[in-house]
Amino acid sequence: MILACNQIKKAFADEIILADATFHINEQERAAIVGINGAGKTTLLRIITGELDADEGEVVCAKDTSIGYLPQQQGYHSQNTIYEELLAVKADVIEMDHQLRKLEQEISHTTGNELEKLLDRYHRLQTTFETGEGYSYKSKVLGVINGLGFGGDAMHQAINRLSGGQKTRVALGRLLLMEPDLLLLDEPTNHLDLESIRWLESYLLNYKGSVLVVSHDRYFIDRIADKIIEVDHGKVTSFTGNYSSYSEKKAALREALIKQYYNQQQEIRHQEAVIEKLRSFNREKSIKRAESREKMLDKMERIEKPVEYEKTMSFSLTPSCVSGNDVLHVENFAKSFGDNHLFEDISFDVRRGEKIAILGQNGTGKTTLLKMIQGMEPVDAGVSITGTNVEIGYYDQEHQVLHDDKTIFEEIQDDYPDLNHTMIRNVLAAFLFTGSDVFKPIQMLSGGERGRVSLAKLMLSKANFLLLDEPTNHLDIISKEILETALNNYTGTVLYVSHDRYFINKTATKILDLTGHKLLSYDGNYSYYLEKKETVEQIYISGSDAASSSGTYQEQETKNDARLDWKEQKAQAAARRKLENQFNKIEQQIESLESEIAALDKEFSLPENATNANKLAELSSAREEKETALSEAMEEWERLAEELE
């Protein structure tokens, strides 16, 4: 065990953030802390590092444990370039390298006993140098630099000229190269593109130390974590397994707890009614029995009612009208900013009901493409045509559609003057703005709050074609799941940019990947895209003569294969759902028949039927029919169970 948190308690003013938080991290274990915004995840990390004192409890680390911490916000200042800054982490190895070169010079000019001493010193230092990755430190530094997206000339940028997000990536690189025994990472994927996130996943999976990460990126957690530490209304619970495993266990646990709670409440009401009845008899014996039951009731360990997430977003999206089947046609789009050439000659179509995710590395032009479709960015070449009855709703990750000089209430009221005060307040309440919060100025809002206002406006727009730019940014996991449900139930069309792979996997029916200045299409979700990515890229952007000469045929074959595979997947999923429905129905039928047979057996044993031959014959015949039906149902149950397996 490398870290143990024992009964940690923390409150700010009257609000309890952590109550009796107890968990541990083993050597080489990778754990993720999850919970809604404000649950206390970052607070917990700061207590572990000693930045913040706990009100009660203790943090215990194994002897000589080194801890590295990456906070969300970086106050990073350095005159160095990115390469110099990251190379400086290996200063001790670099110094050894200099000493070895110096010793080599001395050895070449020394003889006798002094030479033996120098050689002995040289061999000892060389062993230490090799153990400390002396021959691989430069490649390791360059690997981290490239992995975090600073390859080529970018590594020679001065750190003081970088954005906040870029500085966070540099800080992450330093931390990884320092290789502490325990890595504490607070939202490490926030400023990374998909390629860098995939690289970080691979790095952490091979990391020799332990990792404790706070993240809302469920796909990332799914890939790297073997333990989930949940912070929920002050309570901390550990689950073995990744995020998907935790999600299933959490749902089952919650369902069981709700059932236990309501069963206990029913038992309590029953006991209270019996006690009241006994007291109403007003006899000494009855009163004593009532008192005895009261004592038992007082000793009963009460199950707390599971906390409902009353403070999470809840909304639905409803188009005002149905669009035509052809929602959008983009032909030969091109865009450059000076010498920065983003893309050219890209074409695609969007059909009604599709949920399309646009992927690509940072800087490839994903947001620009959305803005060109919306008319917010001029087009260098090409054309976009919207179909019949298409009403566009736009969600901007920079929230430029909001007005800084307005309050939240005014932002909604001015755009939707037909809504009365009560209706506006109800809409804002669904997005967590209540009471005086609705009069906050837009310019004073955090990124997450601005995102929620933009989503509220989107909900009211009644659009049938949504353009969404990073809609899950700043949302906690619960809110992301609510947005996923809303989009999956949405009968309109969606085209969105996102780095959230879990979100993409849950919502996308098609992927458009901006890579190599081209737009590659995949008819499936994120998992399907990963499966086909290498093959499709070889065909589309290999640049070889062979690929060019047979490109049309191979491209069409790839597209056809993709559509076929995706249709097969959908058909298999539909067939399985049908089987599951049949299986559930037959289980209910078996339960019903068993109950009916039990009821007939009860009638057999009634004294009034014991001497009634006609009644017994009637019951026997009915029971035989039920037994036959039960036998057939059991056979069908076995068949369906085998088919499902």
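A cavity, as I use the word here, is a set of grid points where a 1.4 Å probe fits but cannot get out. The model I am working with is predicted.

**Cavities.** I then turned to the second largest cavity, which has a volume of about 40 Å³. I listed its lining: L317, T318, P319, L458, M459, S461, K462, A463, L466 and Y490. Which helix gives the largest share of that lining? Helix 14 (residues 447-461) does, with three residues. I sorted the lining of the second largest cavity by type and got seven nonpolar residues, two polar and one charged.

**Cysteines.** C5 has a relative accessible area of 0%, so I noted it as buried. C321 comes out at 31%, so I noted it as partly exposed.

**R218.** I found R218 in helix 8 (residues 218-224). Is R218 buried or exposed? R218 is buried, because its relative accessibility is 0%. I looked up its side-chain partner: a polar contact of 2.4 Å joins R218 to the side chain of E484. I then set aside neighbours within four places in sequence and listed what else R218 touches. The contacts of R218 are Y243, I477, K480, E481, E484, D500, Y502 and F503.

Notes:
Residues numbered from 1 in each chain as written. Predicted model: local features only at pLDDT ≥ 70, side-chain atom pairs only at ≥ 80, totals over all residues. Heavy atoms only, no water. Buried < 20%, exposed > 50% of the residue type's maximum accessible area, 1.4 Å probe, protein only. 1 Å grid on protein atoms, 1.4 Å probe; cavity = no way out; pocket = protein on both sides within 12 Å on 5 of 7 lines; lining within 4 Å. Points joined across faces, edges and corners; volume = space filled by probe spheres on them. Helix = DSSP H or I, 4+ residues; strand = E, 2+ residues; numbered from the N terminus. Nonpolar A, V, L, I, M, F, W, Y, C, P; charged D, E, K, R; others polar. Polar contact = N/O pair within 3.5 Å; in protein donor to acceptor, adjacent residues only side chain to side chain. Contact = heavy atoms within 4.5 Å.
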